[in-house]
Each structure stands twice: as C-alpha cells, then as structure tokens.
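Subject: Structure handed over, with findings

Dear colleague,

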Amino acid sequence: MFNKDANVKKFSSDTRLATKAIHAGHDPTEWRSRALVTPIVTSVTFACKENEPMDYLYARCGNPTRSCLERTLAALEEGQYGSHFLMKNGVSRFQMTTTFVDCTDVEKVRRALKSNTKQPLNLGADIVVHSLTKYMNGHCDVCLGSIVTRNKDIYQRLSFAQRTLGPVPSPFDCYLVCRGLKTLPVRMRQHEKNALDIACFLEGHPMVKKVLYPGLESHPQHEVAKKQCRGFSGMISFYIRGGKEEAKTFVNNLRIFTSAVSLGCVASLVEIPADISHNAIEEEYRLKNGITDNLIRLSVGLEDTEDLLNDLQQALDKTVSV
C-alpha cells in the first residue's frame, strides 16, 4: 500500500499554517492506491524481504499512518522530528525538570529562568509538547499527546523509549488527528468568533461579576495576547455573582452546553473547575489562584452563535431567581 520511494511533499518555512495542516506529511503518491485520504494501517508487524531495507518492522518501531501524523506535526512546528509520547509523571526520566510560574508577572518569569530554560523551537527550545486531544484533533474522540524536537539526541532517546516500552498511539487515533488537523484553522476562526461574542455578552450581564478572556480589551494581558497569538481560541472563564449554589444552578439549566471536562471540542462544554477538573487540588492553592466556587469555565464550540447566546441567557435568567 505504501510506497517507500515516493517523493513526499516538502514545505518551506514560509508556507502558512492552513496549507501545511492539509498537505504536509500527506502525499497521495506515497501509497500505491493514490488515495487522497491517508490510509489506516493497523498491522502490528510487517513482512521482511531479504536484502531490502525495512521502513517498518514492528508497531513499536513505526507505523505508516503514525509517520504521516508525525511529519505533519513536525512541519507545523518547523521541527525535524515528530514523536508521540504519552507523558504521565515521567519527564524526570528524560532529564527534564519543570517549574510552575505565574506567567502574567514578567519578573516572576525572569526569576524562574534557569540556565537550561528554553522557549519554542524557533526561539531556541529543545522540545514542544502538545495535547492533541484538544483543538488539534477537535472532536473529543482521541486522547493523545505529542513531542516535536529538532534535537537529534532527544529524538533518539524518545524513539528508544517507544521501541522498548511501547508508548505508541494506535493507527486509528493517528488518522483521527490527521483528519482533525486539516480543519484546524477554519475551526479556530469559528471558535474565536463564538467565544468573543459570548465574552462580550457575559461582560455586560448583571449576573456576571468578571470575565476572563484575552480577546477582551478588559483582560490584563490583552495587548500581549495580540502580539503573541493569531487568535484567542474558544476558552472563557467567568465569575458568576453568588457562590456554589448560583454556579450549579446556571450549569444545570444550560441546554446546549454540556457539563464535561476537556476543551477544544466541536460541541460547547461547561464546568465548575472547583468541582470537577481542579477538585483534587488543595483548597488553599485553588483559592490563591482564583479557582473559587463561583468560577465557571466554558469551552465554546462551533454551534450557531445565536443559539449559544440564547442558551446562556435563559440559564442566567433562571439563576437570578435563586
């Protein structure tokens, strides 16, 4: 099915995101069927032929569908190597350390910098880590992470871990992320449009105490976000007037927004972080960081804007009467 001698399309650094997301790593001439959609190769093992080099030998070592996704991610980050690795409390095994810092305070960031601290690839970082589960896949049907690097030594160490320990994603999951990436730019534009309209609506509603969305001029990092980002995504947090009872009443009365964790899905989600995503964090730390009982998080999806606004309005109306 796959033609190892195919001339896989290469894209220069000046090719823009939307073009790379659709084409990079996906050249129909690479497989003999010439299918426009990347084939899903589920085989764990691959036939060997004497005196011929092996592109694929065993699933831990490589998979054609996974290779397509790795090349796409590498192109998007302008890295040389895309390697999938589900990191769960394991960064120290790869001689990496983590420092948590409040990035809204430049001085705190400066004080946290160490001799081995890096920034994204084009700015000198060793690796870039993504949760592909969120916007990059975009449909809430994959749980997957990725690492992209230009450092050959790091790549070889991560590849060794894949081959020996087996933390590799399934071909079907790779296919789903490949498919999701093709619509990433157009999805993000709609996520942002819906979220900005909703953030403006919430900011003007009497039942809302404060809205946190970098797309609003009222956000303390609005100017920084404009300089560093191409858009503002679909993530909004806001403080509803009252406490836990008001927050729960609001969430329970929503009809389109689904109460669920995660983010970046085509469907709109809502949660009370203190009760769900951050309930395992000590209360003192939560309160110190503004995660109070009346904080609500929205992951704004791709539904019709007016429908979402109407849903929020009717839920807030019912909360007023509590």
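Strand β5, which covers residues 235–240, is mostly covered in this predicted model: 6 of its 6 residues are buried.

Which strands pair with β5? One partner is β4 (residues 208–212), which pairs with β5 in the antiparallel sense over 4 bridges. In this pairing Lys 210 stands opposite Tyr 239 of β5. Another partner is β8, and β5 and β8 are antiparallel as well, with 5 bridges between them. Here the bridge partner of Tyr 239 is Leu 295 in β8.

Arg 297 deserves a paragraph of its own. This residue is placed in strand β8, which spans residues 295–299. Is Arg 297 buried or exposed? Its relative accessibility is 17%, and because the limit for buried is under 20%, Arg 297 counts as buried. The side chain of Arg 297 reaches the backbone oxygen of Ser 262 at 3.1 Å. Leaving aside neighbours within four places in sequence, Arg 297 is in contact with a set of residues that includes Met 235, Ile 236 and Ser 237, as well as Val 261, Ser 262 and Leu 263. Leu 269, Val 270, Glu 271 and Pro 273 are also among the contacts of Arg 297.

On the α5 side the contact is made by Gly 180, Leu 181 and Lys 182, and on the α6 side by Leu 184, Pro 185 and Arg 187. Sorted by kind, the residues of this contact are 3 nonpolar, 1 polar and 2 charged.

How many salt bridges are there in the model? The count comes to 8, and three of them are described here.

- Glu 30 and Arg 71 form a salt bridge in which the closest N and O atoms are 2.7 Å apart. This pair links distant parts of the chain, since Glu 30 is in the loop between α1 (17–23) and α2 (64–77), while Arg 71 is in helix α2, 41 residues apart. Glu 30 is buried, with a relative accessible area of 6%, whereas Arg 71, at 26% relative accessibility, counts as partly exposed.
- Arg 66 and Glu 70 meet through their side chains in a salt bridge at 3.6 Å, N to O. Because they are 4 residues apart in helix α2, about one helical turn separates Arg 66 and Glu 70. Both Arg 66 and Glu 70 are buried.
- Asp 197 and Lys 193 form a salt bridge at 3.3 Å, N to O. Both lie in helix α6, 4 residues apart, which is about one turn of the helix. Asp 197 is partly exposed at 32% relative accessibility, and Lys 193 is partly exposed too, with a relative accessible area of 41%.

Finally, some figures for the protein as a whole. The protein has 10 helices and 8 strands. Of its 322 residues, 42% count as buried. Among contacts between residues at least 6 apart in sequence, 67% join residues at least 24 apart.

With kind regards

Terms used: Residues are numbered from 1 along each chain as its sequence is written. This is a predicted model: local features need pLDDT of at least 70, side-chain atom pairs count only at pLDDT 80 or more; totals for chains, interfaces and linings use all residues. Side-chain values use heavy atoms; hydrogens and water are left out. Helices (H or I, at least four residues) and strands (E, at least two) are DSSP runs, numbered from the N terminus. Buried means under 20% relative accessible area, exposed over 50%, partly exposed in between (1.4 Å probe, protein chains only). A polar contact is a pair of N or O atoms within 3.5 Å; within protein, one must be able to donate a hydrogen and the other to accept it, and residues adjacent in sequence count only if both atoms are side-chain atoms. Contact means heavy atoms within 4.5 Å. Ala, Val, Leu, Ile, Met, Phe, Trp, Tyr, Cys and Pro count as nonpolar, Asp, Glu, Lys and Arg as charged, and the others, Gly among them, as polar. Two strands pair if DSSP finds at least two bridges between them. A salt bridge is a side-chain nitrogen of Lys or Arg within 4 Å of a carboxyl oxygen of Asp or Glu.
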